[in-house]
Structures are given as structure tokens and as C-alpha cells.
Amino acid sequence: MDKEQFTNEILKLEKSLYYTAKSILGNDEDCADVLQNAILKAFANLDSLREEQYFKTWMTKIVLNESYAMIRKNKATVSYEEYMENAAVSDSQAYSEIYMEIQALEEKYRLPFVLHYVNGFTLKEIAAMLGNSEAGIKMRLLRARDILKKQLAV
């Protein structure tokens, strides 16, 4: 894959990668940082991509790893109160009730839900990315849907 192909593929995946990072991190600034780091890391390690057909999965895995690295890095630096203040102001004004309920899901349910229903990954791909079985991912998706149905029915 050359530089131009890489750029075109990244542009196609931009929203999908953003939603993946947002489902983990919760705020736009961190998502932008993670995406920038992930793109740089991917370009630097482009030779490690064995098959171009798996670019989307490979790139999403890099975004996941960078998102978790960001959480580890920021863990001790952001107070809970500060996070909740920022989240309450930006999220409640900018996103719908459904979005807020998805964001309120535990991460173990939210991440597979976003990867499957927003980004369009198959159960097999999600299982490989998250290191779980397909049955486990299927169960998490079922539980996420059940929780959302209950929350949105009220």
C-alpha cells in the first residue's frame, strides 16, 4: 500500500475510527489525539500489514490500543469531577438520548455495540479485536440491546 492509498483508506474510515475512539474515551479532544497518534503509528508500521483487505480491522485495532493507552496515561491526571463537568456540558447539549444511553453502557457492552452496529464489523472481527469468543461478543450485544430497550422504554 502506498501513501496515496493509505490516505484514501484513512479518509474512508475516519468516522468509523472516531466513533470507536469516542465509545472508549468519551470526549472529542482525546479522540482527536488518539486518531492522530493511531494514523501516525499505522503509517510508520504499514509494512506490518500483511493483507490490504484487513486494513479496516488493523486500523481499528490500532485505535483501540491507542485509546486504552490514553486512558492509562490520563488515569491519574483528570479528576472525576472535572470529567463529569466537561461531559455534562458538551454531551448533553450535542447528542441525542439514544447516544447518551449508549455512552452510559458499561464498556464491555458499549464497545462491541459500537463496533458492530455503528462501524459494521462482524462478530468474528470483533472477537479477534477484543480477544473474546464470538459467542461472548454475541452475548454482550444481546445484553447491550436489552439494557438499551429497558432504558429507552422508560
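Are Phe6 and Phe55 buried or exposed?

Author: Phe6 is buried, and Phe55 is buried as well. Buried means under 20% relative accessible area, exposed means over 50%, and partly exposed covers the range in between, with a 1.4 Å probe and protein chains only. The model is predicted: local features need pLDDT of at least 70, side-chain atom pairs count only at pLDDT 80 or more, and totals for chains, interfaces and linings use all residues. Residues are numbered from 1 along each chain as its sequence is written, and side-chain values use heavy atoms, leaving out hydrogens and water.

Now the rings. The whole structure holds five aromatic pairs. Phe6 and Phe55 make one of them: their ring centres lie 5.8 Å apart and their planes meet at 85°, so the pair is edge-to-face. This pair ties together distant parts of the chain, with Phe6 in helix H1 (residues 3-25) and Phe55 in helix H3 (residues 55-74), 49 residues apart. The rule for rings of Phe, Tyr and Trp (its six-membered ring) is that centres lie within 6.5 Å; planes under 30 degrees apart are stacked, over 60 edge-to-face, and the rest tilted. Helices are DSSP runs of H or I with at least four residues, strands are runs of E with at least two, and both are numbered from the N terminus.

Together with Phe43 and Trp58 they form one aromatic cluster.

Back to Phe6 and Phe55 for a contrast: both are buried. Tyr18 and Tyr19 also pair; their ring centres are 5.9 Å apart and their planes stand at 65°, so this pair is edge-to-face. Tyr18 is partly exposed, at 23% relative accessibility. Tyr19 is partly exposed too, at 37%.

With Tyr117 and Val118 it makes a nonpolar surface patch of about 280 Å². Patches use residues with over 30% relative accessible area and no salt bridge; like charges are joined within 9 Å, and nonpolar side chains (Val, Leu, Ile, Met, Phe, Trp, Tyr) within 5 Å. Tyr117 sits in helix H6 (residues 107-118). Its relative accessibility is 41%, so Tyr117 counts as partly exposed.

Tyr117 leads on to Leu141. Leu141 touches Pro112, Phe113, His116, Tyr117 and Leu123, leaving aside residues up to four places away in sequence. Contact here means heavy atoms within 4.5 Å. Leu141 lies in helix H8 (residues 134-153). Leu141 is buried, at 3% relative accessible area.

The charged end of Lys56 sits over the ring of Phe121, 4.8 Å from the ring centre. The test asks for NZ of Lys or CZ of Arg within 6 Å of the ring centre and within 35 degrees of the ring normal.

Next, charge against charge. Side chains of opposite charge can pair when their charged atoms come close. The structure has three salt bridges. Each needs a side-chain nitrogen of Lys or Arg within 4 Å of a carboxyl oxygen of Asp or Glu. Glu9 and Lys12 form one, at 3.2 Å from N to O. Both lie in helix H1, three residues apart, or about one turn of the helix. Glu9 is partly exposed at 25%, whereas Lys12 is exposed at 62%.

Lys22 pairs with Asp28, their closest N and O atoms being 3.1 Å apart. Lys22 is buried at 3%, while Asp28 is partly exposed at 36%.

Glu66 pairs with Lys41, the closest N and O atoms lying 2.6 Å apart. This bridge links distant parts of the chain, Glu66 in helix H3 and Lys41 in helix H2, 25 residues apart. Glu66 is buried at 12%, and Lys41 is partly exposed at 42%.

The protein has eight helices and zero strands. It has 154 residues, of which 36% are buried. Of the contacts between residues at least 6 apart in sequence, 69% join residues at least 24 apart.

Note on methods: Accessible areas come from the Shrake-Rupley method with a 1.4 Å probe; for residues, only the protein chains shown count as cover.
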